[in-house]
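Me: I am new to this structure and want to learn how to read it. Could you take me through some features, one at a time?

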Amino acid sequence: MRISVIGCGYLGAVHAASMAQLGHDVIGLDVDEAKVAKLAVGVAPFHEPGFDDLLRRGVESGRLRFSADPAEIRDAEIHFVAVGTPQMSGRLGADMSYVDQAVTTIIEHADPADGARPALVAGKSTVPVGTAEAIAQRLASSGKRLLLAWNPEFLREGFAIQDTLHPDRIVYGLPDDRADGELAKSILDECYAVPLAEDTPLVVANYPTAELVKVAANSFLATKISFINAMAELCDVTGGDVTRLAEAIGHDDRIGRKFLQAGIGFGGGCLPKDIRAFMARAGELGVDQALTFLREVDTINLRRRDHAVHLAEEAVGGLEGKKIAVLGITFKPDTDDMRDSPALDIAGKLWAAGAELAIVDPAAADKLRDRRPDLNVPDTLEEALEGAHAVMVLTPWREFVELDPAAVLPLVAAPNVIDGRNVLDPQRWNDAGWNYFGMGRGVPTW
Ligand code: UDX
């Protein structure tokens with residue numbers, strides 16, 4: 001099939017390359033010419049395991065092209081909308097201008113061949129519920145033969161290729177009109193045909209349900225994380241160990257073990273902004289009380305960052321002039337993404353309190369140096385640890401999780417380790433002579 005993907009950020013670029021991998025002829029469109037220039041020659045503009053290879057294979061096969069010229073989407077049979085919906089500055093709601101612009105571009109340039117079936121616009125961006133209906137009306141009154149389906153994407157950074165090519169589920173939000181719905185479904189079925197859709201549960205629903213599935217899933221995940229972080233607060237004042245608690249409640253299938261890792265909380269380009277946009281939308285719909293719990297989820301999450309700063313301050317006896325080695329600055333491992341990163345926020349707070357920082361990160365160091373030339377980002381972990389009064393593990397990159405506490409002890413000025421992700425073994429670090437501080441782990445005896 002001929003496919004266009006509008007918006008080549010994380011979601012769009014991975015989707016475009018994955019569709020080419022399935023054998024489709026794909027054009028990725030983006031307004032950012034520098035990004036397009038890189039993608040077009042098979043160079044990934046961000047760090048994502050496996051993406052470089054997938055991209056290179058697609059570009060070399062001739063099935064994957066990138067362009068900033070909207071005229072190139074003309075004869076696509078499906079137009080995937082994968083642009084960002086970032087949080088509006090100073091407000092909770094999502095900025096929908098990129099989605100609006102993408103739809104305008106499609107209406108202006110899409111031109112399904114005479115006699116061919118209509119082209120399908122498939123929404124992938126995370127949007128406030130009600131957006132699809134409004135877009136469908138724009139398409140209907142455009143005079144072009146364009147149909148809309150909502151087809152949310154659930155990929156996680158760090159697992160983006162796997163999640164796109166082997167998703168847990170596929171969701172189609174289809175038009176209410178039966179004939180249009182059948183046609184939209186058949187076009188998506190053809191696109192996702194074997195092997196992607198084989199054995200993958202398919203949920204077919206109307207537009208609002210499909211839009212809500214995405215924000216509901218992210219809200220649930222955020223709630224799970226804040227729930228366990230709230231339990232961490234209880235553990236801190238009672239001497240309990242939240243990692244044992246999570247293990248024990250996670251054995252109950254109804255609860256499950258995943259997303260119960262307490263620590264400095266969630267960040268990234270999705271969870272924080274999605275729960276805020278969802279609350280804003282509920283307010284517009286007059287049902288804000290249905291989501292007031294998400295306000296608490298957000299508050300608990302942000303409190304974790306202050307707690308980590310407070311722990312560091314206590315450990316070193318006042319932050320002014322103390323050297324803190326910050327291990328990890330991205331919002332999670334296996335990405336160079338620092339959007340709403342708890343680690344970056346904590347580093348900023350430590351710096352504002354007068355600490356001397358040395359930040360290391362396996363993927364984002366250069367990006368951080370460009371963005372914050374005022375911060376000290378040494379080349380090696382050893383340089384960061386040298387003379388530190390506290391070491392803070394803020395992103396659980398494998399090289400930090402596997403650090404040998406005895407080997408690095410001689411480097412530091414004071415043996416304080418703050419485990420912001422509860423990924424180190426307290427016993428091992430204490431036995432090696434460190435003062436271990438976890439997030440809700442008390443002083444474990446068992
Ligand atoms: C998320 C959703 O998981 C994905 O389905 C959706 O499509 C996009 O948003 P992502 O932003 O890549 O994906 O990150 P995710 O793996 O969900 O982690 C989000 C944040 O939560 C990270 O900062 C992570 O460190 C934190 N987290 C996760 C915890 O603090 N504890 C946990 O138990 C799990």
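Me: Which residue stands opposite W150 in β6?
Reply: In this predicted model, G123 stands opposite W150 of β6. Strand β5 covers residues 119-123, and five bridges join β5 to β6. The two strands run parallel.

Me: How many residues of strand β6 are buried?
Reply: Start with the cut-off. A residue is buried if 20 or more other C-beta atoms lie within 10 Å of its own. In β6 (residues 146-150), five of the five residues are buried, so the strand is largely enclosed by the rest of the structure.

Me: Now a helix. Which residues of α3 are buried?
Reply: Helix α3 covers residues 51-61, and its buried residues are L54, L55 and G58. Next, look around the axis. Those three cover an arc of only 95 degrees, which puts them on the same side of α3.

Me: What covers the buried residues of α3?
Reply: The cover includes α1 (10-21), α2 (33-40), β3 (64-67) and α6 (160-165). Look also at what comes after the helix. α3 is followed by G62, whose phi is positive, near 85 degrees.

Me: Where does the record place an active site?
Reply: Treat such a label with care, as annotations may be inferred rather than shown by experiment. The unreviewed UniProt entry gives "active site" at C270. C270 lies in the loop between α9 (242-250) and α10 (271-284).

Me: Is C270 buried or exposed?
Reply: C270 counts as buried because it has 25 C-beta neighbours inside 10 Å. Leaving out residues up to four places away in sequence, C270 touches T126 and N218.

Me: Which positions carry the "binding site" feature?
Reply: The unreviewed UniProt entry lists D30, K35, T85, T126, E157, K273 and R339.

Me: Where is T126 found, and what does T126 touch?
Reply: T126 is found in the loop between β5 and α5. T126 is buried, with 24 other C-beta atoms within 10 Å.

Me: Where is the place of E157?
Reply: E157 sits in the loop between β6 and α6. With 25 other C-beta atoms within 10 Å, E157 is buried. Beyond residues up to four places away in sequence, E157 touches Y10, E48, G268, K332, T335 and D337.

Me: One last residue. In which strand is Y436 found?
Reply: Y436 is found in strand β13 (residues 435-437). Y436 is buried, with 23 other C-beta atoms within 10 Å. Sequence neighbours up to four places away aside, Y436 touches V417, D419, P426, W429 and N430. Finally, compare Y436 with V59: they are 377 residues apart along the chain, and their C-alpha atoms are separated by 49 Å.

Note on methods: Residues numbered from 1 in each chain as written. Predicted model: local features only at pLDDT ≥ 70, side-chain atom pairs only at ≥ 80, totals over all residues. Helix = DSSP H or I, 4+ residues; strand = E, 2+ residues; numbered from the N terminus. Buried ≥ 20, exposed ≤ 12 C-beta atoms within 10 Å, placed from the backbone. Contact = placed C-beta atoms within 7 Å. Arc of directions from axis to C-beta. Pairing = 2+ DSSP bridges.
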